[in-house]
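Biologist: I'm new to reading protein models. Could you walk me through this one, a feature at a time?
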Amino acid sequence: MEVKGLDELFQDYFEKGITAEEIEGSEMIRDVKRQNFIPEDIEDLYEEALIKEYKRYFESRKK
């Protein structure tokens, strides 16, 4: 799945010092929805996937 602006969004979170443990799924959904359509009935799946991806991103950047 391709999500517009995701790299920039993750970079912004990282630069603000938001850790993978602190990130709020609902905040991510809100931010992603600014550039992407996410059907309401699968927001929870997106939230889970976005958190997982941010954890990977965060771990790769903090090294």
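Predicted model: local features only at pLDDT ≥ 70, side-chain atom pairs only at ≥ 80, totals over all residues.

Biologist: What is the relative accessible area of Tyr57, and is Tyr57 buried or exposed?

Modeller: The cut-off for buried is under 20%. Tyr57 comes in at 18%, so it counts as buried too.

Biologist: How are the rings of Phe10 and Tyr57 placed?

Modeller: For a ring pair, look at the distance between centres and the angle between planes. Planes under 30 degrees apart are stacked, over 60 edge-to-face, and the rest tilted. Here the centres are 5.6 Å apart and the planes sit at 50°, so Phe10 and Tyr57 make a tilted pair. This pair links distant parts of the chain, with Phe10 in helix α1 and Tyr57 in helix α3, 47 residues apart.

Biologist: Which residues form the aromatic cluster?

Modeller: Phe10, Tyr13, Phe14, Tyr54, Tyr57 and Phe58 form one cluster. The structure holds seven aromatic pairs.

Biologist: Zooming out, what pattern does the protein follow along the sequence?

Modeller: Read that way, it goes α-α-α, with three helices and zero strands. Its radius of gyration is 11 Å, close to the 11 Å that the globule rule gives for 63 residues, so the protein is as compact as a globular protein of that length.

Conventions. Residues numbered from 1 in each chain as written. Heavy atoms only, no water. Helix = DSSP H or I, 4+ residues; strand = E, 2+ residues; numbered from the N terminus. Rg over C-alpha atoms; globule rule 2.2 N^0.38 Å. Phe/Tyr/Trp six-rings, centres within 6.5 Å; stacked < 30°, edge-to-face > 60°. Buried < 20%, exposed > 50% of the residue type's maximum accessible area, 1.4 Å probe, protein only.
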